[in-house]
Amino acid sequence: MSHPADTPSIPLAPEVLRNATLPDGRRADIHLADGRVTALVDQPDQPDQPDQPDRADRADRADRADRADRADRADRSDTGRGSAAGPGSIDLGGALVLPALVDGHAHLDKTLLGAPWQPHPTSATLREHIANERALRACAGVPVADRATALAHRMVSLGTGHVRSHVDIDPDVRLDGLHALVEVREKFRDRLGIQIVAFPQSGVVTAPGVADLLDAALAEGADLIGGLDPAGFDADVDGQLDIVFGLAERHGAGIDIHLHDGGVTGTRQLRDIAERTAALGLNGTVTVSHAYALGDVEATELDLTATALAGAGVAIMTNGPRHSMPPVLRLRDHGVRVFAGSDNIRDTWWPYGTADMLERATIIGLQGDLMSDADLRHAASMITDEAAAALGLTGYGLAPGCRADLVVIAAGGVPEAVAAHPRRLLVLHGGRVVGPAPETDFPDFPAISVTGGDASAPQGER
């Protein structure tokens, strides 16, 4: 397989990605214009693919491809554009193309990337850990915006095109972290879509003034409102959910609640959240992150809760935790949308994390015993289609009319991409090449030489 990044020059805004392997296994040329996918032209006489959904129309597709190729050759003779060696075309050599990866849950403000290595602090309780984090936050030595920028660069280089980031809102930091992430969001607007959740890390009911701060955060740039363990942390389920859902309704914002509480304490809260979501008509705008309880209750309780979540359109985010992960396939079979996120990346909560969403799919696959090719495809959907739907992204996908937010991967198909930790060869956002970028700390990624514009523009400030 040839590597597009090994070619001498790559157009800044390619018109055709030739010889691509699509997610369904077909080989095709992907045509781009004005930041969108305009056509997928199948290559003729390709062998049957084991997962190709419709083999009956291969002759028709081959005929259409032949006609498109003749038209393309005629166009090249007139304009000199579009050939594999031309300035607007890249031959991918059969590399896999996916829509941009989606990180459904991160904490850009918490990362210590860009700062010297910090020993991981230990703590016995959630409250103790939060206190330790607040103490370290005060002496990190590198501003939030700089650390978040370092992480955002890494995300882009690894093919992430959209991320939902929580940002701490508490009596100490107030809205400072939010303002820093709003700045980063604007800096990366042409490379990475960033949603911001106002996250009450120190609680809502038990932290004086936080309800007002959350209200202000939604007015000053946050896209969603978060919550934290209404029972286990605030010890007031109705009190916290009244505030969270009330603010969401007032601002027309989505909701994304951290729920670490286990057992029936957790599942009862999940059903409370589902009931409120249904009552307010918020189907598709509410997420519960982690939902560990779904992985440690018996089958009857699980099925009861999954039915409620599916009926209300409440999504579940998992990062493949080290203890009780929600049962991905069983929830899917109930109709619950489950998607993936990185969560913490090299911060006071975990020393681990690479921002690689394909690696995250691998972790979830290992934890959830996803072993067949079909299972690996589902793991991939959790960092692409399912995550995009949960985040409410429009124009997402790999079809004519979709935004050209794409990642080219050194793999022959989706299952291999999840299982093999392959390199990212090319990253596009809005049809423009944005990575992999040489300023990241991945020395094995080749630099991309771009033509046709300012090479520094899509790769960010150094």
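**Close-up views of a predicted model**

**View 1. Helices α6 and α7.** Helix α6 (residues 237–251) packs against helix α7 (residues 263–279) at an angle of about 35°, and their axes lie 12 Å apart. Helices (H or I, at least four residues) and strands (E, at least two) are DSSP runs, numbered from the N terminus, while axes are lines fitted to C-alpha atoms, for helices over the stretch in contact, with angles that run from 0 to 180 degrees between N-to-C directions. The model is predicted, so that local features need pLDDT of at least 70 and side-chain atom pairs count only at pLDDT 80 or more, whereas totals for chains, interfaces and linings use all residues. Residues are numbered from 1 along each chain as its sequence is written, and side-chain values use heavy atoms, with hydrogens and water left out. Val237, Asp238, Leu241, Asp242 and Phe245 of α6 meet Gln269, Asp272, Ile273, Arg276 and Thr277 of α7, where contact means heavy atoms within 4.5 Å.

**View 2. Helices α3 and α4.** Helix α3 (residues 144–157) and helix α4 (residues 176–187) pack at about 40°, with 9 Å between their axes. That angle makes α3 oblique to α4 (under 35 degrees counts as roughly parallel, over 145 as roughly antiparallel, 65 to 115 as roughly perpendicular and the rest as oblique). On the α3 side the contact is made by Val144, Ala145, Ala148 and Thr149, and on the α4 side by Ala180, Leu181, Glu183, Val184 and Lys187.

**View 3. The open sheet.** Eight strands form an open sheet with parallel pairing, in the order β7-β8-β9-β10-β11-β12-β13-β14; two strands pair if DSSP finds at least two bridges between them. At the edges stand β7 (101–106) and β14 (338–340), each of which pairs on one side only, and the twist from one strand to the next averages 25°. Within the sheet, β10 (residues 224–228) and β11 (residues 254–259) are joined in the parallel sense over five bridges, and the bridge partner of Gly227 in β11 is Ile257.

**View 4. Helices on the sheet.** Helix α4 packs on the sheet and touches β8 (160–168) and β9 (193–199), its direction making about 170° with that of β9. Helix α10 (residues 357–367), for its part, lies across β7, β8, β13 (314–318) and β14, and runs at about 70° to β7.
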